[in-house]
Amino acid sequence: MKDTYPLPIIDGILSRLPKAEFITSLDPKDAFWQIPLELSSRDKTDFTVPGKPLYQFKVMPFGLCNAPQTLSRLMDRVIPAHLKTQVFVYLDDLLVISESFEKHIVVLREVAKCIRSSGLTMKKSPR
């Protein structure tokens with residue numbers, strides 16, 4: 001059954017960037033794979049490899065028709081409403097914007113607490 005949860009509109013996010021002095025992009029590590037599938041949904045992910053048994057995903061694979069909506073819903077729960085003017089979620093990416101460095105650090109710390117308490121993990125940035 002199709003999930004009609006609204007996906008973010010990139011134009012709305014981009015229109016707020018001109019006033020941002022500081023921008024940080026955060027990316028959950030293997031975001032879709034951090035979402036466990038309900039037992040009743042696993043049969044919808046059946047696949048086989050020649051000469052092997054039938055397999056099913058235990059976590060959400062990228063490419064399921066409702067995967068983007070499920071991830072958006074999760075991220076909307078993880079990032080509290082009072083941060084929505086400074087933290088923009090686009091599928092599995094978070095964009096944090098601020099007008100001052102001090103405020104940026106405060107928001108990043110709060111986002112880190114939200115991510116940590118949700119049990120999600122983030123990618124390490126390349127050096």
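Now, what you're looking at is a predicted model, where local features need pLDDT of at least 70, side-chain atom pairs count only at pLDDT 80 or more, and totals for chains, interfaces and linings use all residues. Residues are numbered from 1 along each chain as its sequence is written, and side-chain values use heavy atoms, with hydrogens and water left out.

Okay, salt bridges. I'm calling it one when a side-chain nitrogen of Lys or Arg sits within 4 Å of a carboxyl oxygen of Asp or Glu. How many salt bridges does that rule give? The count is five.

Asp43 is in one of them, paired with Lys44 at 3.7 Å, N to O. Lys44 itself is exposed, at 64%.

Then there's Lys29 with Asp30, at 3.0 Å, N to O. Lys29 comes out partly exposed at 42%, and Asp30 is partly exposed too, at 37%.

Next up, Arg73 and Asp3, which meet at 2.9 Å, N to O. Arg73 lies in helix 2 (residues 67-78) and Asp3 in the segment before helix 1 (10-14), so this pair ties together parts that are 70 residues apart in sequence. The helices here are DSSP runs of H or I, at least four residues, while strands are runs of E, at least two, numbered from the N terminus. As for Arg73, 23% relative accessibility makes that residue partly exposed.

Last one: Tyr90, in strand 4 (residues 87-90), is partly exposed at 34%.

Definitions and conventions. Buried < 20%, exposed > 50% of the residue type's maximum accessible area, 1.4 Å probe, protein only.
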